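Here is a short tour of a multi-chain model, written for someone who likes to know the cut-offs behind each term. Please have a look at the sequence and the structure first.

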Amino acid sequence: MYSNKWIGSLYVTPFVIGFLLFTAFPFVASFLLSLTDARLQDQLGAANFVGLSNYSEMAADSTFRQSLGVTFAYVFITVPLKLAFALFIAVVLNFKLKGIGLFRTAFYLPSILGGSVAIAVVWRFVFAGDGLLNQALSGIGIGSVNWLGEPTTAMFSIVLLRLWQFGSAMVVFLAGLKAIPEDLYEAADLDGASRLKQFFLITLPLLTPVLFFNFIMQIVQAFQEFNGPYIITAGGPLKSSYLLPLMIYEEAFKYFNLGYSSALSWVLFIIIALFTAVAFWSQKHWVFYAQDRDDKGGH
Amino acid sequence: MASSLNPVDHGWRKHLPLVNAFVRYGLLILVGFLMIYPLLWMIGGAFKNNAEIFSSVGFIPKAPTTDGFINGWKTSTEYSFATYLLNTMKIVVPKVIVTVISSVIVAYGFARFAIPGRKWLFALLMATVLLPKSVLLIPQYLMFREFGWLDTYLPLYAPQAFATEGFFVFMIIQFMRSLPLDMEEAAVMDGCNSFQVLTLIVCPVILPAIISVALFQFMWSMNDFLQPLIYLSSVEKYPVALALKMSIDVTEATSWNEILAMSTIALAPSLILFFVAQKYFVEGVTSGAVKG
Amino acid sequence: MNAYRLHRRYILLGASAAALSACSKPRPAPTSGRELRMSWWGGSSAHKATLEALRLFEEKHGIRVRGEYTGFAGHLERLTTQIAGGTAPDVMQINWYWQTLFSRDGTGFYDLSKLRETLDLSQFDARTLSMGTNKGVLNAIAVSNAARLFYLNQTTYQKAGLSLPTTWDELFARGPQFKTRLGQGYYPLDGLFLEFIALARTYVVQGTGKPLINAETKSLNCTRADMYDFAGLYARMTRDHVWPSAQVRASYGNVAQQEMRPWINGQFAGTFQWNSSIDKYSDTLAAKQTLALAPYLLRPGAKDAGMMYRPAMMFAVNAKTPYPDESALLIEFLLNDPDGIRAMGLKRGVPVSKAARTLLDKEGLITPIQRQSEAQLAAAQIHVVESPWFEHPRVRDGFQDILEAMGYGRLSEREAGDRLYDDINAILHRVVR
């Protein structure tokens, strides 16, 4: 909007300084580490340069391939589900119902609890063989399932943990919904549009910047999920819930393979970057930014 | 999605709003209960004795006791839990403030100016979000050691003063870009400079987004474990996240009721903040803003 | 201000500082005002006891010690970061196998034999000292030694009307007996994979009479047939209901053994556990249940008890500490001084120092089960000293992955045995550096 580029640069300067000061060095250092066989406990100078052998080792590593597959499955399942659920509840909560504040808090609570120890303990409890979920299922006639003990179902508990914490995405959607001017809806009512039509023709288009944001963030966060598998299943059984961030952590802090772990992180980074880049490119097809409109007013 | 009332219906359709409300409330209550059950379990567990916690699934304690709270508050260390709560505030409050300020400023630059190299800068911004944190740990540690910042709170919030958390900058950018430019253009024509436009016009409108940023950063910082673990070696500087894990050990039976009790207490600041922040989500701040 | 005046003032200051530092002694003698840093991990009572001991130390010797303590979670991460960054504390509590991480060549920690005058090494037997020695350098001193012994839930066994097993065959027989007399959910013995791997190692070493891992050759010290035995033991024990199957154990998620419901209410009726931390297991048992030390199981014609008798935890000193003598004084206080011994009690297991043992024994501070355990350890034939590489996470996980695959039916018993022999050797080759 503004034509003065240099003022703009001024606004962005804190980030540039911050990046150069705090992020650039660790960034570059972690890439260099991925080209060495560094062990966690060594002084930085003690490692040997091994070129790309960490990366070639990765290609042959069956555990890595399995972890990658598990991670992709996790992302493809949780992201759409969580977005849909968060949007749905945000829309429902946007009504002026009595006591709506209470519900809003209740739905947001799981996100606050986050990676706390207590939640992991509770989750293990709920999904245990003799846990709450199985008791409920037995109560209504369906038998118990060995959620955490079978490779086919262990992932389910982690997925559900993520979906349970949809509160933060919901809050962002709520903020987005609130930013839509009310007079748009009033005008649509006067024109005789049904609620459903209003949702698809007013709400959704105006919500797309926020939706895009949530979409990107959910992808990034899903690829970086760590707490769930770490505490509840330890990646098992048989590595069926061994998400890539957990593998990266274990390679560095359990097996002390800092070089290999850095290489893994960079591969994950590239993967996420690719997904993000594709998403950004797709923006022009479905994201509607108000400032790109030529005319004023909303009718 | 508030809208005008429907015209009055006759016959059985008269009851539709009631059924509507019933269904809506029913759904909300069911989902709401599922949402908070684990929390109820956690609070209930805080009042149980240790043997009972793992043997029963229900959340109402059979023999309620405040042992968990009393022992948990005293902690097994030289300091009470109050110290750790205070420490957490010392870290989290500055962090949130600097995050909000720097994120808004930088986001405005991206959203409203045609900066040279904008695409590359933005890519860098996103890149900071994408790289897993565990791999940056050791190099960052070495860097902060060189600065002499070990065993202080600085590594925990100084980087945030420079909008290094791309997540929040990106979020504000999106909110800004979804706003029509009319108001800002009008203000410029009235003679405001860009900073005045930012603070007087834009910020009030995107207040829900700003509140969200504050909320998220607050919550996530409260749960941060690995960063305080490696930067803080003095026990008296520990935040709550470290203090909670201090008594979980491989050589002794863990007093889970203490941990659950203290986790409940640690939850309180985030909850209170959310309650306070709620009203910014209730009021439609933009209503009337575009008119005239 | 006048730049010239400023310049001169700083030169003067700098010169006087240089002069002062030139005059000062290179290593300050212990005086009050010196502060040592000590790190350890533990639970609530360990923290309290250690803090009390440090307080007594300060009273006696006038040196303040800052405790940097955590629970076990995250402790190694932090210590590793500190060592890599050169900011480790003066005195550190370490695990035995961490020596392979930080001081394989002996230079990673301070040479404690240089501090003989302060630290009384005569209280420790040669074998114990050898377990803290790397390439001839004494790096760490054991606080207590421990081995895994058989602890069984007496109450459950009595309920089944069965005696505690005295031989391996009797243990194998208990499986079906438990199933018929008590039900599907009851097992005579239980543990994590980590515990089973230790049990199987004991079984194999009793047969071979040699440590399982040879760090020199970077390979397993046994034949392929022994690995078939290893896999076979797991197959047999899970099949015969002696040990819960992988699926049953995994259904509870990633939980510590003593916090599993079946342990608490006595259904999983036994553990192959370190005697130094057995209290943790008896503490969580539901009311009116007792844990008893069972006779140590030996194979007929066993060449060695197969016990992995090694330090439960050790103290080491930072190789670059500015206060080596003070650090030695602190360790001496905690391990050999009556006040220190009493303050620490049995929190870190039964201490191995002769002075500590005698004192605790005289004052009746050793619990009955600990007393029995120590007696069993003293009577056992322990000649084999296992390599610390056995406890390296990569090696342990190598064993676990194969056993788990077998448990879930992905590998046959024979395939598992082959995989154990081939994969573990490959892992050792890669990991032992």
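## Confidence in chain B

pLDDT is the predictor's confidence in each residue, on a scale from 0 to 100. Two residues are in contact if their C-beta atoms, placed from the backbone, lie within 7 Å. With those two terms in hand, residues 283–292 of chain B have a pLDDT under 50, and the model gives this stretch 18 contacts beyond four places in sequence. Chain B as a whole averages a pLDDT of 79, and 87% of its residues score at least 70. Residues 1–6 of chain B also fall below 50, with 13 contacts in the model beyond near neighbours in sequence. Where pLDDT is low, the predicted coordinates should not be read in detail.

A word on conventions: this is a predicted model, in which local features need pLDDT of at least 70 and side-chain atom pairs count only at pLDDT 80 or more, while totals for chains, interfaces and linings use all residues. Residues are numbered from 1 along each chain as its sequence is written, and chains are lettered from A and ligands numbered from 1 in the order in which they are written.

Chain A holds 13 helices and zero strands (DSSP runs numbered from the N terminus: H or I over at least four residues for helices, E over at least two for strands). Its C-alpha atoms fill a box of roughly 70 × 65 × 30 Å along the principal axes. Of the 299 residues of chain A, 48% are buried, meaning that 20 or more other C-beta atoms lie within 10 Å of a residue's own; 12 or fewer makes a residue exposed, and anything in between partly exposed, with C-beta atoms placed from the backbone.

Which helix of chain A gives the most to the side that touches chain B? In total, 92 residues of chain A are in contact with 84 residues of chain B, and helix α1 (residues 5–33) of chain A gives the most to the chain A side, with 19 residues. That side of chain A divides into 60 nonpolar, 22 polar and 10 charged residues (Ala, Val, Leu, Ile, Met, Phe, Trp, Tyr, Cys and Pro count as nonpolar, Asp, Glu, Lys and Arg as charged, and the others, Gly among them, as polar). Chain C meets chain A as well, with 21 residues of chain C in contact with 25 residues of chain A. The chain C side has 12 nonpolar, five polar and four charged residues.

## Helix α10 of chain B

Helix α10 (residues 194–205) of chain B has 12 residues and spans 15 Å from its first C-alpha to its last, close to the 16 Å expected at 1.5 Å a residue (1.5 Å times one less than the number of residues). B:S194, B:V197, B:L198 and B:V202 are buried in α10(B). Why do they lie on the same side of α10(B)? They cover an arc of only 95° around the axis, so they share that side; the arc is that of the directions from the helix axis to the C-beta atoms.

On the other side of α10(B), B:L200 and B:P204 are exposed. The cover over the buried residues of α10(B) includes α1 of chain A, along with α4, α8 (166–177) and α9 (182–189) of chain B.
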